[in-house]
Amino acid sequence: MVVQQELTSAEVDLLFHALADATRRDIVQRVIDEEQSVSTLARAYEVSFAAIQKHVAVLERARLVTKRRRGREQIVHGEIDTLSRAERLLQQYLELWQQRAGRMDALLREDEGRDPAPSAGPTPVTRKDTP
Amino acid sequence: MTTTLESTVDADALTLTFVAEFDAAPDRVWQLWVDPRQLERWWGPPTWPATFVEHDPTPGGVSKYFMTGPDGTRSAGWWRFVSLTPPESLVFEDGFATEAGELDDSLPTTRTSVTLAGIDGGDTRTRMTTVTRFTSADELEKLLQMGMREGMTEAMGQIEAILAG
């Protein structure tokens with residue numbers, strides 16, 4: 001693994017773990033649009049309030065959302081910066097492979113120059129020793 | 001000529017798939033992977049060239065390499081080969097190494113599967129597919145046990161959609 005990443009490996013693990021769940025991705029989408037209380041979120045899903053709380057906790061650890069109290073409510077706020085970093089990280093991996101493929105291609109092309117087919121005719125001689 | 005066909009992120013398996021085509025036979029592209037002198041010419045980014053001090057492309061075999069940055073900083077890594085079927089496929093784990101060059105399993109490893117397939121008879125053109133898993137095998141297993149079953153590029157598509165919104 002050679003990508004120069006802005007996130008530590010542990011952070012990347014948390015991030016992908018968090019994004020690997022459809023409900024959690026859905027929560028992120030909702031709270032990026034507009035911050036919402038945990039109870040409002042819980043009403044949107046068939047799973048229990050406790051389950052949504054757990055999902056939010058996972059998202060919080062990955063810093064995809066932040067939570068604050070407003071009276072009795074817990075308000076969930078989406079962190080767009082973290083999402084952008086996730087996207088950049090994926091983009092970096094893709095670019096890394098793209099660059100590798102380019103260099104592999106260059107190496108393959110060198111072959112063509114180094115091993116001309118015998119039928120290609122005599123090797124041209126460049127004489128530089130004549131005055 | 002390289003043709004990059006596609007690159008996709010799979011939210012289900014946490015994999016990144018990259019497909020490229022080369023004007024060469026699979027045998028030739030295979031050499032780029034198993035010959036350390038050729039491998040080190042393309043593995044590291046140009047600003048961080050790789051040096052393979054060990055390269056044992058056999059099942060269970062280990063490779064050790066370091067990359068040297070513009071200021072001379074070294075970053076060490078290793079591969080552990082899981083399987084090889086020349087010239088069609090190889091699977092290896094890729095991880096970090098300590099400064100002493102020992103395998104550091106405390107940091108996440110990725111697992112990369114490479115498939116080389118001849119196109120139209122296979123003598124002149126090869127399609128290379130690499131699939132890289134992001135997290136450690138343990139982490140991935142845990143995630144799979146959690147029952148995540150989501151479609152290709154979905155997470156990525158959602159990220160883009162969210163950012164666009």
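Predicted model: local features only at pLDDT ≥ 70, side-chain atom pairs only at ≥ 80, totals over all residues.

Biologist: How many residues of helix α1 of chain B are buried?

Modeller: Seven of nine, in a helix running over residues 26-34. Helices (H or I, at least four residues) and strands (E, at least two) are DSSP runs, numbered from the N terminus. Among the buried ones are Arg28(B), Trp30(B) and Trp33(B).

Biologist: What is Arg28(B) in contact with, sequence neighbours within four places aside?

Modeller: Leu107(A), Leu108(A), Asp111(A) and Gln38(B). Contact means heavy atoms within 4.5 Å. The Arg28(B) side chain also makes a polar contact with the side chain of Gln38(B), at 2.9 Å. That term is a pair of N or O atoms within 3.5 Å; within protein, one must be able to donate a hydrogen and the other to accept it, and residues adjacent in sequence count only if both atoms are side-chain atoms.

Biologist: And the largest nonpolar core, which residues have the most contacts inside it?

Modeller: Trp33(B), Trp42(B), Trp43(B) and Trp79(B), in a core of 33 residues. A nonpolar core is a set of buried Ala, Val, Leu, Ile, Met, Phe, Trp, Tyr and Cys residues joined through side-chain atoms within 4.5 Å.

Biologist: Which element gives the most to this core?

Modeller: α5(A), with seven residues. Trp33(B) touches chain A too: its contacts include Trp97(A) and Met104(A).

Biologist: Switching to chain A. What is its secondary structure?

Modeller: Five helices and three strands. The order is α-α-β-α-α-β-β-α. Of its 131 residues, 43% count as buried.

Biologist: At what angle do α2 and α4 of chain A pack?

Modeller: About 75°, with axes 10 Å apart. So α2(A) is roughly perpendicular to α4(A). Axes are lines fitted to C-alpha atoms, for helices over the stretch in contact, and angles run from 0 to 180 degrees between N-to-C directions. Under 35 degrees counts as roughly parallel, over 145 as roughly antiparallel, 65 to 115 as roughly perpendicular, and the rest as oblique.

Biologist: Which residues of α4(A) make that contact?

Modeller: Ile52(A), His55(A), Val58(A) and Leu59(A).

Terms used. Residues numbered from 1 in each chain as written. Chains lettered and ligands numbered in written order. Heavy atoms only, no water. Buried < 20%, exposed > 50% of the residue type's maximum accessible area, 1.4 Å probe, protein only.
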